[in-house]
Amino acid sequence: MNTFTLGFIVVIYLLAITYLGYLGYKKTKTARDYLLAGRDIHPFVMAMSYGATFISTSAIIGFGGVAAIYGMGLIWLTVLNILVGVFIAFIFFGRITRKMGHNLDAHTFPEFLGNRFQSKRIQIISGAVIFIAMPLYAAVVLIGGARFIESIFEIDFSIALTFFSLIIAAYVIAGGLKGVMYTDALQGSIMFLSLFFLLIYSYINLGGVTAAHEGLTNMANLVPESLSAKGHIGWTAFPKINSAWWWVLVTNIILGVGIGVLAQPQLIVRFMTVKSNRELNRAVIIGGVFIFVATGFIFTVGALSNLFFFNESGELAIQVAKGNIDLIIPGYIRAAMPEWFVYIFMLALLSAGMSTLSSQFHTMGTSIGRDFIENLFPKKKINSMLISKIGIIIAIGVSIIIGYQLPGSIIARGTAIFFGISAATFLPVYFAALYWKRATKKAATWSIVSGIAASAFALTFLHVKESAPLGICDAIFGQPTLATKFPWMIIDPILIAMPISIIVLVVITFFTKKISEEHLDKCYKGIK
Amino acid sequence: MFGINDPAIYLGYLMAIISLIACIVYGIINWNKGMEDSE
């Protein structure tokens, strides 16, 4: 790889990012600009920002690698990503969120929930949950990006991590949400074009669509014994129903991430950045096309990488990557693609990491600043923009510290954990805020608390993938998990915690005081 | 179908394409709608 060419491309890219960040800075005058991009963002920018924030290095490197192991069954995650993550999210959640957010003058997702249920406590708890849980998600994206920079530039990991963090911090702190969304639109465009080319070239390289699929289908007898015992029956087939492999694919990967997207604070705030539902209607097209390519194409390439590596060296993708899932896609790009594309793909990965991280830092910063500290000291006149900027700096520091502690093959898992926690904690209350006028303040508060508590319990004592390495269950009960009956130890915590959160919301609602009609009229003004 | 024998997989691809078409059709039909609640 030519270092000069690589350096030149990266400098051009960073100059473009700097310019867009500066544009955001120039156009940011008020707290509304800093927190909500002035509520007048173009639908293309909104949709690309939503997509680029949603699709991080986790989706490309982590889930692309997962597709190399699990096969094409991951296409059902693409179905949910488009159907739930775009169609339902924009039309059934986004339109009401935009209008209600404006009616209630909400600038963040916790503030939206707090104002809807007339509870500062809900805003503070939600802000705290985001600030405690999101750094894990940010850390896996940050580490993914830094590891990639380390391997490409052959520089020390700590330098790569510092460099990566500082660039993102600069335009997030200075440009606010406008800076974040402008840069997201450029980064999303780079990702889209790269992933589009990647799949087309891969099919051509493997002899065409049908030939590639047939080649992969014929490899079913090469599934390692350890995997076929768990239910893996090939890379162009869904796992055996009710097998361990099936439960992990369906609950942890497809449902955990596919449903969790509806309750992502950094995505929900995007709905409040446009000035009318017309922008959201238009954004549905752009968002749908982007997610189709960004997830469907990389999942397919991940599965097909097995055929490429088998033709080249007689090994499976995971064997070539020495057992590290996160190294499969970078290894495939280096081995299968032309050199000029390696440079472009490197920009796509940088873009994927930066676009997601910038939104995570912005969301964590506003959560700790506007939602948490401002409400803890209500009598002090605190500058929203300043406190959010301080919050962003703290968020970056916490993410870096967590990042240093993480093990390998963690990118997809860390993402799924955060998506699951978000869904269990926020989705029932968020849905009720939009569609159930009867839901009460106390019920909403306890639903959030029970969602986070049930998630923490399931991760610590039931779901063996986390409970075993955490070791708390083993220390107290002398066994890695309390779930001794199949399949409870491998069912994703979202399927345990979210029903609890829903039940708590419904039951407590019927025993507590209704919210006043006057306030509900204000919330739903102009919403049909 | 296209070298894939498992219906669960090719139905998945079909559903992804149908979902994409639904997004495009919805966006086109409502391209100019939604300005009524846009100072």
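User: How exposed is Lys441(A), and in which helix is Lys441(A) found?

Analyst: Accessible areas come from the Shrake-Rupley method with a 1.4 Å probe, and for residues only the protein chains shown count as cover. A residue is buried under 20% relative accessible area, exposed over 50%, and partly exposed in between (1.4 Å probe, protein chains only). With a relative accessible area of 40%, Lys441(A) is partly exposed. Lys441(A) is found in helix α19 of chain A, residues 441-462; helices (H or I, at least four residues) and strands (E, at least two) are DSSP runs, numbered from the N terminus. This is a predicted model, in which local features need pLDDT of at least 70 and side-chain atom pairs count only at pLDDT 80 or more, while totals for chains, interfaces and linings use all residues. Residues are numbered from 1 along each chain as its sequence is written, chains are lettered from A and ligands numbered from 1 in the order in which they are written, and side-chain values use heavy atoms, with hydrogens and water left out.

User: Which residues form the positive surface patch?

Analyst: Patches are made of residues with over 30% relative accessible area and no salt bridge; like charges are joined within 9 Å, and nonpolar side chains (Val, Leu, Ile, Met, Phe, Trp, Tyr) within 5 Å. Lys and Arg count as positive and Asp and Glu as negative, whereas His and the chain ends are not counted. The place of a charge is NZ of Lys, CZ of Arg, CG of Asp or CD of Glu. Here Lys441(A) forms a positive patch together with Arg121(A), Lys442(A) and Lys513(A).

User: How is a pair of aromatic rings described?

Analyst: A pair is described by the distance of the centres and the angle of the planes. Rings of Phe, Tyr and Trp (its six-membered ring) pair if their centres lie within 6.5 Å; planes under 30 degrees apart are stacked, over 60 edge-to-face, and the rest tilted. The whole structure has 31 such pairs over all chains. Phe308(A) and Phe309(A) are edge-to-face, because their centres are 5.5 Å apart and their planes lie at 70°. Phe461(A) and Phe477(A) are also edge-to-face, at 5.9 Å and 75°. Phe461(A) lies in helix α19 and Phe477(A) in helix α21 (residues 472-477), 16 residues apart. Phe461(A) is buried at 15%, whereas Phe477(A) is partly exposed at 43%.

Terms used. A salt bridge is a side-chain nitrogen of Lys or Arg within 4 Å of a carboxyl oxygen of Asp or Glu.
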